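Biologist: Before we talk, please put the model on the screen, and then I will ask about it piece by piece.

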Amino acid sequence: MTRADNPRIERGDFQTPDWLARAVVERLHRLGVSPSGVLEPTCGLGAFLVAAAARWPTAALVGRDLSPGYVAQARRALGPAADLQVADCFATDWAALLARLGAAPLVLGNPPWVTASRLGVLGSGNRPARRTPEGFSGLDATTGRSNFDLGEAVVGALLDALGERPAWLAMLCKATVARRLLPRAALVGVWRVDAAAAFGAAVDAVLMVAETGPGAQAGRDVPVFAALDRDRPEVHWGVRAGRVVADVEAWAEPAPDAPPGLRWRSGLKHDCAAVMELRRDDEGWVNGLGEAVDLEPSVALPLLKSRDLARGEIDGAARRVVVPQRALGQDTERLADEAPRAFAYLERHAERLGRRASSIYRRQPRFAVFGVGPYTFAPWKVAVSGLHAEPAFRVVGPVDGQPVVLDDTCYFAGYDDEAAARAAADWLDAPATRRRLRALMFGGGKRPLTLDVLAGLQAASR
């Protein structure tokens, strides 16, 4: 199936089931929402408008969607009283539409659940003008740190259109979108939604409810509820020291000073495991293509991955990784003299390495890798998985006299001696530090622990 045949993938198209639309509307009713009109900006089949019509029968109903088929089905469900039109949400004058909805409008919906990078891979035109969110530049702007959801762009445009108009905004979205919007939106509450039950998607989803108007205060502490039917929050999100924190109560507890020299790095990124990663068998080292490989030890270094750190399996390093550079951008042709077996091996697989899709490899030396520098070759490291919700910080020492390399699902800080690495690990495992870490970690995403969280942990101790 091509992307043209699968608009659900291209547009992040997860239609809201009727039962969830009704539950959202009931939650809003319990909050005291009684709108003069309801706007669903990406209405799809119109589930929210149908639920809104049942709860608020006098409210005007307006819906827009890019799909003519969806709009036709929504019209059959809602009848002629609803204003339903085919429209591109990034080319619609939302302010003009909102002005028609009376003094107390409600913007309600489920914007696309797809990221800008995913749309780029699909070659889709279903996206706003290209931008770099949150001021990222350079490598951050090229890689995942700058990625954003279409849902975030849609909600941001609606907030701009609402301005100081008194109104409510309620959106189903990824939790990451709600967190990123918290500093600019006056959130009333966030309710967790079971995306697996509703959409068959493994996504950390929420209902985000905000208010606008002269008295709305952006960035205030917001209660977070475990489910739509809960009235007592499990935690409060808030903005502290310029960052959004996951638990303001845990943040308020003091943390000990961080040890000197703790600087976090991402692990090695190569994007070609079949060639760059080796495993040991009875005969020696083999790559992912099943080929026996004999490389210079200076280039084939011990490798640990996230699951090794999470399980505490850090002593054997039964894998090796090919590290053709000692610094970002270093010329790899030098390997012809310094490590001729490794150079010949990489030459044999040059075509496969040349097919790596990420744009970060453009204009780089052949066989280039990322996340490499002097820190990569530090003999001692404190390392942690970015993929596990419960961080386990491990002290990693040399294997067979070689420094251990972490892959790009891990983070680490490098040290010249074991004592400094263990002092850093002791600080990270201290109960007060763990509480502060819990305040920064939101969980639920593909990567619960990030460099930003680790940097925030360190900054918070100062």
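Biologist: In which strand is R319 found?

Modeller: Please keep in mind that this is a predicted model, in which local features need pLDDT of at least 70, side-chain atom pairs count only at pLDDT 80 or more, and totals for chains, interfaces and linings use all residues. Residues are numbered from 1 along each chain as its sequence is written, and side-chain values use heavy atoms, with hydrogens and water left out. Strands are DSSP runs of E with at least two residues, helices are runs of H or I with at least four, and both are numbered from the N terminus. R319 is found in the strand of residues 319-322, which is β16.

Biologist: Is R319 buried or exposed, and which side chain does the side chain of R319 join in a polar contact of 2.3 Å?

Modeller: Buried means under 20% relative accessible area, exposed over 50%, and partly exposed in between, with a 1.4 Å probe and protein chains only; at 18% relative accessibility, R319 therefore counts as buried. A polar contact is a pair of N or O atoms within 3.5 Å, where within protein one must be able to donate a hydrogen and the other to accept it, and residues adjacent in sequence count only if both atoms are side-chain atoms. The side chain of R319 makes such a contact, at 2.3 Å, with that of D308.

Biologist: What is the order of the open sheet of four strands, and which strands stand at its edges?

Modeller: Two strands pair if DSSP finds at least two bridges between them. The pairing in this open sheet is antiparallel, and the order is β11-β20-β17-β18. Each edge strand has a single partner, so one side of each is left without a neighbour in the sheet, and these strands are β11 (265-266) and β18 (394-396).

Biologist: Which residue of β18 is the bridge partner of K381?

Modeller: Strand β17, residues 380-385, pairs with β18 in the antiparallel sense over three bridges. Within β18, the bridge partner of K381 is V396.

Biologist: What is the relative accessibility of A383?

Modeller: A383 is found in strand β17, and its C-alpha atom is separated by 5.3 Å from that of R394, eleven residues apart along the chain. Contact means heavy atoms within 4.5 Å, and, leaving aside neighbours within four places in sequence, the contacts of A383 include L309, F393, V396 and Y411. A383 counts as buried because its relative accessibility is 0%.

Biologist: How many of the residues of strand β5 are buried?

Modeller: Strand β4 (residues 105-109) runs parallel to β5 and is joined to it by four bridges, while β5 and strand β7 (residues 204-212) pair in the antiparallel sense over eight bridges. Strand β5 (residues 167-174) is largely enclosed by the rest of the structure, because the buried residues number seven of the eight.

Biologist: Where does pLDDT stay under 50?

Modeller: pLDDT is the predictor's confidence in each residue, from 0 to 100, and the mean for the protein chain is 88, with 89% of its residues at 70 or more. Where pLDDT is low, the predicted coordinates should not be read in detail. pLDDT stays under 50 over residues 1-11 and over residues 116-147.
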